[in-house]
Amino acid sequence: MGQAPKAFTKTELLDRLGADTAVSHQAVSKLVSDVRALIGDNAQRSRIIRTVPGFGYAFDVGVEDRATRTSARLTWANRDFPLHEGENIIGRSPDVEVPIYASIVSRRHVRLVVHRGSAYLEDLGSKNGTFVGDQRIVEPRLLRDGDVIRVGDYYFIYRTTSAYAETVTRYT
């Protein structure tokens, strides 16, 4: 869980249980289901254990803690993806910070770098491009709160409440 949100294959999870534990690959799904029931998680609206179709499982424990430090996130449908300080990758690979499991998305499609309250978006040479609003980005682009980002056919809203944001004082 200390490597959240990295995804693990069933084999990797079995290896972590230890050599003296006799559990089959099929039993991993049942074990994950049982753990979800114990901790009050749900496969359809997971908050802690996320299923990565055709791959394995990812643990989202601790991801919200990182978001609190930066207050930056991407919102997609009903899900928030907290962004941590530094590099956040969006793509199809199971070990990225914002995974999108669709063939229209490259394995490492786009990089979003958060630094001291600012965020920059950079396409990583994807075939289908990355857009902010209706403009395809061809160089790193500064994001603003509320920007709509399109990756393949998927739309995200960038949200931040930066502690570094400028404060305006008005005197009346």
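The model is predicted. The protein chain has 172 residues, and 37% of them are buried. Its secondary structure comprises three helices and 14 strands.

**Overall layout**
- Among contacts with a separation of 6 or more, 38% join residues 24 or more positions apart.

**The six-strand sheet**
- Six strands form an open sheet in the order β5-β4-β14-β13-β10-β11. The pairing is antiparallel.
- β5 and β11 (135–136) are the edge strands. Each has a single partner strand, so one side of each lacks a neighbour in the sheet.
- β13 and β14 pair in the antiparallel sense through four bridges. R150 has Y155, in β14, as its bridge partner.

**The largest nonpolar core**
- This core holds 21 residues. L74 and I149 have the most contacts inside it.
- Six elements are listed as giving two or more residues: β4 (72–76), β5 (79–83), β8 (110–115), β9 (118–123), β13 (148–151) and β14 (154–160).
- β8 gives the most, with three residues.
- Leaving out residues up to four places away in sequence, L74 touches R79, D80, F81, L83, I90, V98, L112, I149, F156, I157 and Y158.

**The second core**
- A separate core has eight residues. Among them are L14, V28, I49 and F59.

**Context**
- In soluble globular proteins, nonpolar side chains tend to be buried together.

Note on methods: Residues numbered from 1 in each chain as written. Predicted model: local features only at pLDDT ≥ 70, side-chain atom pairs only at ≥ 80, totals over all residues. Heavy atoms only, no water. Core = buried A, V, L, I, M, F, W, Y, C linked by side-chain atoms within 4.5 Å. Buried < 20%, exposed > 50% of the residue type's maximum accessible area, 1.4 Å probe, protein only. Contact = heavy atoms within 4.5 Å. Pairing = 2+ DSSP bridges.
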